[in-house]
Amino acid sequence: MTETRSEPYIWVTWLTKLLAGESQCEWSAWFRAHHTAYDKVPSDFDLASWTMDHNELVAARREQLLEDGYEVFIEDENAFKRIGSTGIIVSGKPDILAIRERIGVVEDCKTGRPRASDQLQVLVYLLLLPIRNPRCANLSLSGRVVYKTKAVDIPASALDGAFRQRFVDLVHRVGGETPLAKLPSWSECRWCDIASTVCLARVTEPPPSAEAETDLF
Ligand code: SF4
């Protein structure tokens, strides 16, 4: 049975696909920010093997960073919850924080194909993780997305005023009282966990094929 949250609560990854333009349905993030215990679509996602793959990648990175002389903090040790003056809460959990001689690197490990949202996720971590965090005090922080076969470095300079403003605007909109636009599409609804008993606009079937033969060319 759907329950209304006492305060808007946003998980970082609900924002990053919207920031990257990889998702369009803002209502999905807005609804989850304001509600919990809603009807969910049973998922056929293989969480067990994803978790195993992800844990292996995090463990391998941890070993490498330890060998390189870093002090390494992983997952739950990096969990944060930032409560804005608006009352909106934003939470996240970077996979790795590695520290060596006042240099800090925030890493997130990804087992899937690279996406722009992966880099934006690390940028949000760079913005929020250091807030009132003694472990990050006086650190020069940068970021990195680690894939199975490559890594993408994210310099601190990417955390510019334009990005901060886009992030804050989206947090205000997703955490605000006004419901955001619903943009149903097969490509998004199929991955969305909000059941059609809650979202009546949910698209449950793929669209007819867009393929057609023509003698125009
Ligand atoms: S089911 Fe589709 S339309 Fe409904 S919230 Fe999810 S993505 Fe948006």
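Me: How do the residues of the shell around the ligand divide into nonpolar, polar and charged?
Reply: The shell, meaning residues with a heavy atom within 4 Å of the ligand, holds six nonpolar residues, one polar and two charged. Here Ala, Val, Leu, Ile, Met, Phe, Trp, Tyr, Cys and Pro count as nonpolar, Asp, Glu, Lys and Arg as charged, and the others, Gly among them, as polar. This is a predicted model, in which local features need pLDDT of at least 70, side-chain atom pairs count only at pLDDT 80 or more, and totals for chains, interfaces and linings use all residues. Residues are numbered from 1 along each chain as its sequence is written, and side-chain values use heavy atoms, with hydrogens and water left out.

Me: Which residues surround the ligand?
Reply: They are Cys25, Trp27, Ser28, Lys182, Pro184, Cys189, Cys192, Cys199 and Arg202.

Me: Changing topic, in what order do the three strands of the open sheet stand?
Reply: The order is β2-β6-β5, with mixed pairing. Strands are DSSP runs of E, at least two residues, and helices are runs of H or I, at least four, numbered from the N terminus. Two strands pair if DSSP finds at least two bridges between them.

Me: Why is one side of β2 and of β5 left without a neighbour in the sheet?
Reply: Both stand at the edges and each has a single partner strand, so one side of each lacks a neighbour in the sheet.

Me: And how many bridges join β2 to β6?
Reply: Three bridges join these parallel strands. Tyrosine 9 stands opposite isoleucine 89 in β6.

Me: What follows α1?
Reply: Glycine 21 follows α1, and its phi is positive, near 75°.
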